[in-house]
Amino acid sequence: MKLITSHETTDFDGLASCVALQKLLPGALIGLSGGFSSNVHQYLALHRDRFRTHRCQDLDLKAVDLLVVTDVRKRARLTHVEPVIERAAKDPLRVRVVVWDHHPASPDDLHADEEHVQPVGSVTTLLVEELRARAIDVDREEATLFALGIHEDTGSLSYARSCSRDAAALAWLLGQGAQSGLVQRFLRPPLDPLERELLVRLVAVVEEVPRAGASVAIAALETEEVPPTLARVSTEAFRILPHDALFCVFRLRNGKSHIVGRGQTDTVPIGAILGDFGGGGHAGAGAASVHDTPLEEVVATLRQSVARRCRQPELVRDLMSSPVRTVSPDTPLPELTSSLREWGHTGAPVVDGGRLVGIISRRDVERAQRQGRAEMAVKSCMAHRVHTVAPDAPLRDALAQMREHNVGRLPVLDGARIVGILSREDVLGYLYEESPC
Ligand SMILES: [Mn+2]
């Protein structure tokens, strides 16, 4: 028997990639843990007969001679096929293992005879590319399911890890009849009353983790809801809260704690942090389970893991321009204009005897020209109130200042000494780095 499987609490990327694999391997069965994320659960209420899946406990796993695993490689998330994995380890000639995945490698990964692993936004993208390459037709229901897989894992192409290959696969699926209106409906069904209630409780207990380098928050509470609900409510909480990353810890009455992580900055590696608890995921989302540990202890361990694993954020000193070109308060405006043009700058700090006394921009000069003051000195139209930043301030603090005061450049002061300047151009150059794949 050929068996296709994916991770526990199967999401749209997992289900879509299983269905795509079944088209590549006619006759293979899809066997899963039986637990689905809640949006997939609702989708299957309508599509169960169109896309047949089995629970592994209802299948004769001893008959499996080919195991194809998709959207996961960690054994901890594959307990429903553990007997097959064990048999493959003992007798590799009798059971072949093939893996399709897009997650980073980890020590808990199962051994595979054949691996198709690429760092794209969704594993469904890899399978859509394979179907296209083999000229296998897909109908509009399949195309819509595959589109759901790509939309879910790439945040509709908005997450940092989504790439041009995901977009190309999605474009092709639209050409095959994928229904965008239905994608919207099945991807994010509204929260039900119980989920809304849990969301309100969760938001009330959010606490920020100090000195994580980014805005990281933890919310911990006791509940009796099921894991798919916990994942959905965590996603919604992350969407409405202002943090770069959010970890939600839910302790159930049976003593088990379920941790859900959501994030949108590469300085907080969600998957690696939850890996410390035997769970996993990627940079933007992950989950883990902890047994028989008091809630406070789980939270304390989580705080330590966050502190240890978060990368330090970009600092102003790493991005600022240095040395700084400055002008004197007595510089005539025509001379300033030609200097700015020569330097390729749109403004400059004004320094008098080594002391920062103002800042002037091309816009100030243009205003002076309009008012007939084009021949005057810099001091006549410079801004006296200068917003500055320290060299070891995180970049996001500098951005917050630029936004709040609507200024395009911040002189960088080390004590009273001007050591650099951070401009909009410096920040843009950093933000627009090349795409991940
Ligand atoms: Mn995935």
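Reply: The manganese ion has D13 (OD), D71 (OD), H102 (NE2) and D153 (OD) as its protein donors, at 2.0 to 2.4 Å. Donors here are N, O and S atoms within 2.8 Å of the metal (3.2 Å for Na, K and Ca), and water is not among the atoms, so sites may look incomplete. This is a predicted model, where local features need pLDDT of at least 70 and side-chain atom pairs pLDDT 80 or more, while totals for chains, interfaces and linings use all residues. Residues are numbered from 1 along each chain as its sequence is written, and side-chain values use heavy atoms, leaving out hydrogens and water.

Along the sequence, the donor residues follow the spacing D-x57-D-x30-H-x50-D. D13 sits in helix α1 (residues 12-24) and D71 in the loop between β4 (66-70) and α3 (82-90), so this pair ties together parts 58 residues apart in sequence. Helices (H or I, at least four residues) and strands (E, at least two) are DSSP runs, numbered from the N terminus. D13 is buried, at 0% relative accessible area, and D71 is buried too, at 2%. Buried means under 20% relative accessible area, with exposed over 50% and partly exposed in between (1.4 Å probe, protein chains only).

Now for the helix packing. Helix α5 (residues 140-154) packs on helix α7 (residues 180-187) at about 55°, with the axes 10 Å apart. That angle makes α5 oblique to α7. Under 35 degrees would be roughly parallel, over 145 roughly antiparallel and 65 to 115 roughly perpendicular, with the rest oblique. Axes are lines fitted to C-alpha atoms, for helices over the stretch in contact, and angles run from 0 to 180 degrees between N-to-C directions. The α5 side of the contact is T144, A147, L148, H151 and E152, and the α7 side is L182, V183, F186 and L187. Contact means heavy atoms within 4.5 Å. By class, this contact has 6 nonpolar, 2 polar and 1 charged residues. Ala, Val, Leu, Ile, Met, Phe, Trp, Tyr, Cys and Pro count as nonpolar, Asp, Glu, Lys and Arg as charged, and the others, Gly among them, as polar.

T144 is buried, at 7% relative accessibility. Beyond its neighbours within four places in sequence, T144 touches G177, A178, Q179, L182 and V183.

Helix α5 has another partner: the axes of α4 (residues 123-133) and α5 come within 9 Å and cross at roughly 145°. There, T124, T125, V128 and L131 of α4 meet F146, G149 and I150 of α5. That contact splits into 4 nonpolar, 3 polar and no charged residues.

Further out, S106 is in the loop between β5 (96-101) and β6 (114-117), and counts as buried at 19% relative accessibility. From S106 to G429, 323 residues along the chain, the C-alpha separation is 33 Å. D426 lies in helix α16 (residues 424-431) and is buried at 18% relative accessibility. Outside four places in sequence, D426 contacts L319, M320, S321 and I421.

As for the whole protein, there are 16 helices and 16 strands, and 50% of the 437 residues are buried. Its C-alpha atoms fill a box of roughly 90 × 55 × 45 Å along the principal axes.
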